[in-house]
Amino acid sequence: MSASVASSRAPATGGFLARFEGFRAQLPGDPDRRAQAADLFRANGLPGGLPGRRAEAWKYTSLRPVAEASFREPLTAIADCAGLLARLPNVGLPRLVFVDGRYRGDLSADGFPAGVSISTFARSPDFGALARPERENMVALNTMLAEDGVRISVADGVDGGTLMLVNLATEQSGRATAFHPRHSIRLASGARLSILEVSLGDGVYLHNPVTELVVAAGAHLSHVRLQDEARTAFHLSTLYADIAEGATYDSFALNLGARLARTEIHARLGGTGATVHLNGAQLLTGSQHADITTVVRHDAPGCASRQTIKNVLSGRSRGVFQGKIEVDRIAQKTDGYQMNQALLLSPDAEIDCKPELEIFADDVKCSHGATVGELDRDQLFYLRARGVPLAQARALLVRAFLTEALDAVTDETIRDALEAAVSRWWESEPL
Amino acid sequence: MSIAAETLDTVQEVTGSGYKWGFETDIEMDMAPKGLTEDTIRLISARKEEPEWLLDWRLKAFAQWQTMIEPNWARVDHPPIDYQDLHYYAAPKKKDGPRSLDEVDPELLAMYEKLGIPLKERAILAGVVPDPDAEPERQIAVDAVFDSVSVATTFRATLEKSGVIFCPISEAVKTHPELVRKYLGTVVPAGDNFFACLNSAVFTDGSFVFIPKGVRCPMELSTYFRINARNTGQFERTLIVAEAGAHVSYLEGCTAPMRDENQLHAAVVELIAMDDAQIKYSTVQNWYPGDVNGVGGIYNFVTKRGICQGARSKISWTQVETGSAITWKYPSCVLVGEDSVGEFYSVAVTTNRQQADTGTKMIHIGRGSRSTIVSKGISAGRSNNTYRGLVRILGQAHGARNHTQCDSLLIGDQCGAHTVPYIESRNPTAKVEHEATTSKIAEDQLFYCRSRGLSQEDAVGLIVNGFCKEVLKELPMEFAVEAQKLLAVSLEGSVG
């Protein structure tokens, strides 16, 4: 590597590394893990930060704007976040609130059912066993600098009900901040839990969470994420899920916000009959860029994976979907399905999509599909011929397209919350 | 003898086991010493009596190649290639023109026989002065590339009458320098990629086809490629230009003798279609795939690309890939012209330890451009078969349309089938559809065939042929029969 390459990347990488050097003594958890992660991050920098050295996993998403920005740690003073709290979906669920990456007990509810234990990374730091900082460099960054995060565990056979996990980012008088929450959610055998995770904020910030999910045999985890970050923010999340025999991880991600967003999911089906659903929708406008990247690994026979991702792209926005299904030699009777659909609503919008199959077992049923196009002209004509104005007709058809995606969310309360978020987006972004 | 009958004969021989094309012709070769330096390139250029501009072009490519790094993104695995351990030029030693076939090196004739070239053509190919009154009986013109030198081109006179130029590219450099200079490297620039760049520096021969305005080529054009000498890389270069309204169908067959060492093949094919022109390029690739344990076999690293320059032009690639230890090949279409059409039909079969990473790129630039991709991958044994394709719709490609279908069939539980499509669209009026499936041969289909008295292998052959039908029907008739049999032969022993 030439010296010039290293120096041109220096600001951000250097900034993160400098922060690590300055605060490493105060950071919780295993110092060796952090030091290793720092070495990895130093060696690899930000993926996709510079053209010409881009890793395949970052082919369509450049982190150059992140590399060029200069982030500081959030101020520790207790921020006033009443305005942000007011923007949360009004769903009446018990909530766990993080502000600028730190747990705020004063804003969070307690009183969860017996068998559900809640803690934080700051209190009991544990990096877990699923994250791969050596492979995913944003995870190396997180491992190096993580300060807090939620730790939820649900005991054997307990139904933990539904809760809301909230990540807020406050405007810090023009400072660009970065925070790297480390979340861990564990469901023991036969347990159930449903989570609505909301990320929103104001100002310029980098929200770089890493989440580890362990779903033990027969357990069921439903995880709906609403990403409605500030349009000036960066949201780069990485999630690892390990799903055991007969267990289900049912996930839905709705991406509305952020200037640059990446939702990366690595799901491993490790036991017979495990199921994973990774569904999602992205609504983008202006110069937003949002990327959903998934890797589903079938490591056991008879597992099923389902993915349906829908993109609605207007303005100069760019949507990215990279989905990979890996089927191990022993994973016979695998049923894998993946569908990516994109509606391009403006001449400057772009979709890039890479649905990938890597199959080593012969008795499998795997398929993927992708469609890209504009609104159906016949359908538009039908509506207009019945007197519906163009704008309204377009809106109607786009809503119908999205409704199909949201159908994957079965919990009515949560679904209503997502619908409301889409409606708000709609009001601010007339097509 | 009719082509079909001939093909059937070939098939009879084929159905004996092993690699039928694994013969080696022992004839005197004129070879460059091993290694690649500027001197090697000067030697090639001098042997071919090339003009200065072409030597400069080669040297420039060589300089660029030295700065390039071998790509490693394909899903193939092989020991590093020592580019200095190859001969970059090998030609049969030239003797003065024989008067009759009796004077021709019998080894060479035997080889033509094995290649299935009829007697009359053999005489022409071997350089026997032809009888000027003889009428061609068979309407396929052959340009055989024997290692690096295009030995002879048949039926040139007939073609010339209609204005078609079909000759070795080394000859075209001398006889039609203005055409070669105008088009060479315009579709695949010298520095396009590592292997194309190497080819640009050291290419030794290949075919040149020029179809003038409004001419429909009166016969199918055909080239046989063979790699004969040990440790030679074959770097042929093919350039096909179809002027406005011209039509041509070009067949390419590849076989190589059985070898222990891996041989390198890095070809470049460039196609140019002007307004309303149509080029159909069909390949049956059956290079030596190596043995059951993956020893030997050809490394086939090929760059094929066509440009639909003119409005309503059409380029169609059809390939049946059964050979080579490693295939790295992405025949592509750049659809510049309005309403231009690109097509890619592919069957790739891998068995034993073969590795194939193949697919296509469709770059939509022109308004109303359309493309169709149909890819059928069949993996058996311990092989890996990857479809890798790109569909890119640029902003100005209003109303562009693509439909892609890739299906993979797995035979046995030790092989791998992979699909890596890239879809990029920047135009809302464009419509792109992609479907891919992976499955194995259904038990009920097999049971149905078996219960009607077919053997396991015949049943699999039948099902595989059905699986590939969409592609095979795109092949010219001469190739279709052969391709079907090739599929069956390739999969022999990998079932049950």
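Me: Which residue does A:Ala370 stand opposite?
Reply: A:Ala370 stands opposite B:His434 in S24(B). The model is predicted, with pLDDT of at least 70 needed for local features and 80 or more for side-chain atom pairs, while totals for chains, interfaces and linings use all residues. Residues are numbered from 1 along each chain as its sequence is written, and chains are lettered from A and ligands numbered from 1 in the order in which they are written.

Me: What makes S21(A) and strand S24 of chain B a pair?
Reply: Two strands pair if DSSP finds at least two bridges between them. Here 7 bridges join S21(A) to S24(B), residues 431–440, and the strands run antiparallel, so they pair.

Me: What makes these stretches strands?
Reply: Strands are DSSP runs of E, at least two residues, and helices are runs of H or I, at least four residues, both numbered from the N terminus. Chain A has 9 helices and 21 strands.

Me: How many residues does the contact between the chains take?
Reply: It takes 32 residues from chain A and 31 from chain B, where contact means C-beta atoms, placed from the backbone, within 7 Å. S20(A) gives the most to the chain A side, with 10 residues.

Me: Why does the radius of gyration of chain A agree with a compact globule?
Reply: The radius is taken over C-alpha atoms, and the globule rule is 2.2 Å times the number of residues to the power 0.38. For 431 residues a compact globule would have a radius near 22 Å; chain A has 21 Å, so the two agree. The C-alpha atoms of chain A fill a box of roughly 70 × 50 × 50 Å along the principal axes.

Methods
Contact = placed C-beta atoms within 7 Å.
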